[in-house]
Amino acid sequence: MPPTRHRRGSRDGNRRPGGPRHTGRPQDLVRRTAFDVIRAVATRDAYANLLLPARLRDRGLTGRDAALATELTYGTLRGRGTYDAVLALCSDRELRRVDAPLLDVLRLGAHQILATRIPPHAAVGTAVELARTVSGPGQAKFANAVLRKVAGRDLDAWLAIIAPPDADPTTRLSIAHSHPKWIVSALRDALGPDRDEIDALLAADNARPRVTLVARPGRATVDELYEAGAEPSPYSPYAALLPEGDPAGIAAIREGRAAVQDEASQLVALALAETPLDGPDARWADLCAGPGGKAGLLSALATGRGARLLAADVQPHRAGLVARAVDDRAGVVVADGTAPAWRPGAFDRVMVDAPCTGLGALRRRPEARWRRGPEAVAELGPLQRGLLAAALDSVRPGGVVAYVTCSPHLAETRVVVDDVLRARQDVESLDSPAVLTSAVPGLTGLGDGPHAQFWPHRHGTDAMFLALLRRKD
Ligand SMILES: C[S@@+](CC[C@H](N)C(=O)[O-])C[C@H]1O[C@@H](n2cnc3c(N)ncnc32)[C@H](O)[C@@H]1O
């Protein structure tokens with residue numbers, strides 16, 4: 001469901017972002033900015049987390065106005081499934097017959113009415129004005145009628161109607177937590193024996209993610225990040241949490257010595273680096289490195305140990321971003337990881353962070369859940385298998401491969417590993433949870449092995465998957 005439920009009685013104009021100034025030009029610009037980003041997500045596949053900061057800058061929105069625009073954009077994108085179910089009951093027109101821009105205005109209005117402390121009359125009034133600008137006076141009347149009905153109940157009362165306890169469980173969870181049904185089913189399957197945690201997982205997907213920073217070892221320290229206002233993070237020795245403020249305000253981040261990086265993303269890189277290895281340990285590779293989160297940490301760890309990272313990405317633009325993240329000792333190439341240009345067995349450690357549906361990062365990319373259907377999983381399968389097979393060929397006997405996805409979907413994780421390993425006799429699965437807990441004492445809840453699965457509701461991280469695989473001697 002939308003991240004926060006604010007009850008009617010608790011609405012307090014003075015405490016919400018932008019609270020007292022719910023009318024007037026700055027607030028129009030705030031809502032218009034949220035609307036424009038939501039439309040760009042729908043019409044040109046824009047990523048809200050990339051476009052919104054640029055729009056805020058262009059329009060000079062800062063502080064509370066920027067915070068409100070961010071909340072409205074993300075909240076509306078996240079809560080769309082729930083809001084559509086409410087809007088369908090309040091509209092005398094089927095939603096599929098409502099013009100797409102107008103429907104986005106209605107969603108933005110529903111979010112403000114049901115999940116923020118903005119007074120309903122202000123939420124309806126500003127949405128109606130936006131509808132007038134976007135779709136004309138006739139549609140503004142329609143928007144007014146619909147949103148006044150939405151405002152007739154609070155979110156809990158609507159949920160009792162649209163997602164009643166006796167509804168089919170997948171449908172109920174899908175509507176109440178605003179996830180497409182196929183994703184609810186896939187996440188429940190991925191939880192396996194812990195499937196009763198599905199409610200907590202879906203709720204965690206809708207919570208605002210913490211901003212986690214990484215201090216790249218040898219280049220920055222967590223103490224430096226603490227001095228800049230960050231706080232300790234539970235697991236990664238290189239992580240710090242930024243409770244508020246712009247990461248770009250921190251010198252180490254501006255200078256590329258530190259970065260924003262999810263904690264599980266740090267830990268899977270650390271696990272690859274910490275897997276025990278006999279023999280040489282000088283040549284590391286990252287086959288899918290762009291934009292460089294894991295490569296940045298791996299290159300720093302490699303350098304600290306006298307090893308060297310080669311980071312590859314098939315897209316030149318993304319390889320360019322990698323070049324900014326890694327240290328001087330690392331190499332960066334534009335290369336197709338499925339058709340390596342290097343000789344077989346050239347590396348001691350290889351990371352393959354495969355392209356995936358991103359179902360593990362719904363907190364940070366709220367729109368991803370609406371963008372593609374289950375067919376995306378099948379479409380990515382051959383590439384994921386090709387990259388893992390090439391990674392295993394690229395590592396020497398005795399060397400180790402980390403297969404990572406930012407998705408817990410079984411068809412992108414265990415099934416890929418099982419399929420690739422079934423076709424060859426020269427690979428063994430290592431105990432990934434054991435490697436992780438030996439590197440990070442106190443880290444639990446990663447599953448029974450041999451592979452490891454992080455979860456937003458357990459670890460406060462993305463739902464990242466890790467399989468550590470060793471080429472047999
Ligand atoms: C999940 S992202 C990697 C994220 C990255 N490891 C990080 O931590 O920032 C997957 C990357 O794989 C790249 N990619 C897709 N197909 C590839 C291929 N055949 N060879 C190499 N890279 C590929 C994409 O361009 C994308 O940058």
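Modeller: Residues are numbered from 1 along each chain as its sequence is written. Because this is a predicted model, local features need pLDDT of at least 70 and side-chain atom pairs count only at pLDDT 80 or more, while totals for chains, interfaces and linings use all residues.

Biologist: Thanks! How far apart do the C-alpha centres of domain 1 and domain 2 lie?

Modeller: The bounds come from an automatic or database domain assignment. That assignment gives domain 1 (8–157), domain 2 (210–261) and domain 3 (262–471). Between the C-alpha centres of domain 1 and domain 2, the distance is 33 Å.

Biologist: What is the orientation of helix H4 to helix H5?

Modeller: Helices (H or I, at least four residues) and strands (E, at least two) are DSSP runs, numbered from the N terminus. Axes are lines fitted to C-alpha atoms, for helices over the stretch in contact, and angles run from 0 to 180 degrees between N-to-C directions. The axes of H4 (residues 100–115) and H5 (residues 120–135) come within 9 Å and cross at roughly 170°. Angles under 35 degrees count as roughly parallel, over 145 as roughly antiparallel, 65 to 115 as roughly perpendicular and the rest as oblique, so H4 and H5 are roughly antiparallel.

Biologist: And which residues of H3 make the contact with H6?

Modeller: H3 (residues 63–90) and H6 (residues 137–150) pack with axes 9 Å apart at an angle of about 115°, which makes the two roughly perpendicular. Residues are in contact if their C-beta atoms, placed from the backbone, lie within 7 Å. On the H6 side these are Val-146, Lys-149 and Val-150, and on the H3 side Val-86, Leu-87 and Cys-90.

Biologist: Now H9 and H10: are they parallel or oblique to each other?

Modeller: H9 (residues 181–191) and H10 (residues 198–205) have axes that come within 10 Å and cross at roughly 125°. Val-184, Leu-187, Arg-188 and Leu-191 in H9 meet Ile-198, Leu-201 and Leu-202 in H10. Given that angle, H9 and H10 are therefore oblique.

Terms used
Two residues are in contact if their C-beta atoms, placed from the backbone, lie within 7 Å.
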